[in-house]
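Let's take a friendly walk through a protein model. Have a look at the picture below before reading on.

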Amino acid sequence: VFLGCSHTFGIGHSLENTWSYIVNKEVGGKFFNLGIPGTGSGTALRTLLAWYTKLNIKNIFHFAPLYPRYEYLIKDRYITINCTYSNFNTGKLKHTLAHESSIRNYTLTNILAIQAIATKLEIPYYILTDEEVFKSYQPYHLDDYKDAILARDLIHFNVPKQKLFSELFLEKVNINN
């Protein structure tokens with residue numbers, strides 16, 4: 001199972017160029033990409049909660065960038081609040097929600113809940129944050145693209161970044177084995 005936002009889902013890319021597909025090709029098994037564009041770690045947790053009893057999951061791979069995206073249930077509907085591009089009137093709360101400590105706390109809470117599900121299922125949980133990626137590669141908007149294949153929308157990570165994600169996840173798999 002693959003969890004995350006549009007970078008996991010593969011916005012702007014052919015399936016074979018996405019990190020999730022590349023990793024799955026290496027580790028084998030069925031391919032369940034549960035990435036949902038424009039969402040954060042709360043949606044990843046909710047999606048996993050909806051599917052973990054229905055799928056025969058062998059591994060959980062989660063790209064969890066530290067984005068200020070919060071999911072809430074309002075009037076029987078889940079809504080993602082994106083504090084960077086406020087799609088919801090957060091008023092004075094926007095400053096608090098966009099603060100790094102709030103983002104880290106919310107993300108960590110969801111990561112720990114996903115880890116608890118993995119522990120219950122007795123399967124590995126591999127997580128990668130954007131901080132880990134940026135230690136290995138300059139932020140994507142500073143890249144010298146040269147011959148790199150860009151995402152079709154020119155916003156999302158390019159193909160070399162997708163390959164980097166897959167390499168970093170596969171390193172974690174190799175360490176675990």
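This is a predicted model: local features need pLDDT of at least 70, side-chain atom pairs count only at pLDDT 80 or more; totals for chains, interfaces and linings use all residues.

Leaving aside its neighbours within four places in sequence, which residues is C83 in contact with?

## Around C83

They are P68, Y70, K94, L97 and A98, where contact means heavy atoms within 4.5 Å. C83 sits in the loop between strand 4 (77-82) and helix 4. Helices (H or I, at least four residues) and strands (E, at least two) are DSSP runs, numbered from the N terminus. C83 counts as buried because its relative accessibility is 4%; buried means under 20% relative accessible area, exposed over 50%, and partly exposed in between (1.4 Å probe, protein chains only). The C-alpha atoms of C83 and K120 are 33 Å apart, with the two residues separated by 37 residues along the chain.

Residues are numbered from 1 along each chain as its sequence is written, and side-chain values use heavy atoms, with hydrogens and water left out.

## Helix 5, one face in and one face out

Now for helix 5, which has 22 residues (residues 100-121). At 1.5 Å a residue they should span 32 Å, and the end C-alpha atoms are 31 Å apart, which agrees. The expected span is 1.5 Å times one less than the number of residues.

The buried residues of helix 5 are S102, I103, Y106, T107, N110, I111, I114, I117 and A118. Seen down the axis of helix 5, these buried residues fall within an arc of 160°, so they line one face of the helix; the arc is that of the directions from the helix axis to the C-beta atoms. An α-helix has 3.6 residues a turn, so residues three or four places apart point the same way.

What do the buried residues of helix 5 pack against? Their partners are strand 1 (2-3), helix 3 (41-51), strand 2 (60-63), strand 3 (69-74), helix 4 (93-98) and strand 5 (125-128). On the other side of helix 5, you'll find N105, L112, T119 and K120 exposed. After helix 5 comes E122, whose phi is positive, near 60°.

## A hole inside

How many cavities of 30 Å³ or more does a search of the whole structure find? The search turns up 1, and about 100 Å³ of space lies in the largest cavity. On a 1 Å grid over the protein atoms alone, a cavity is a set of points where a 1.4 Å probe fits but cannot get out, and lining residues have an atom within 4 Å of a point. Grid points are joined across faces, edges and corners, and a volume is the space filled by probe spheres set on the points.

Of the 14 residues lining the largest cavity, T39, G40, S41, A64 and P65 are the closest to its centre. Helix 3, strand 2 and helix 5 are the elements that give two or more residues to this lining.

## Two loop residues with positive phi

D76 is in the loop between strand 3 and strand 4. Its phi is near 65°, a positive value in a residue other than glycine. At 77% relative accessibility, D76 counts as exposed.

L154 isn't a glycine either, yet it has a positive phi of about 60°. L154 lies in the loop between helix 6 (130-136) and helix 7 (159-176), and is exposed, with a relative accessible area of 64%.

Definitions and conventions:
On a 1 Å grid over the protein atoms alone, a cavity is a set of points where a 1.4 Å probe fits but cannot get out, and a pocket is an open set with protein on both sides within 12 Å along at least five of seven lines; lining residues have an atom within 4 Å of a point.
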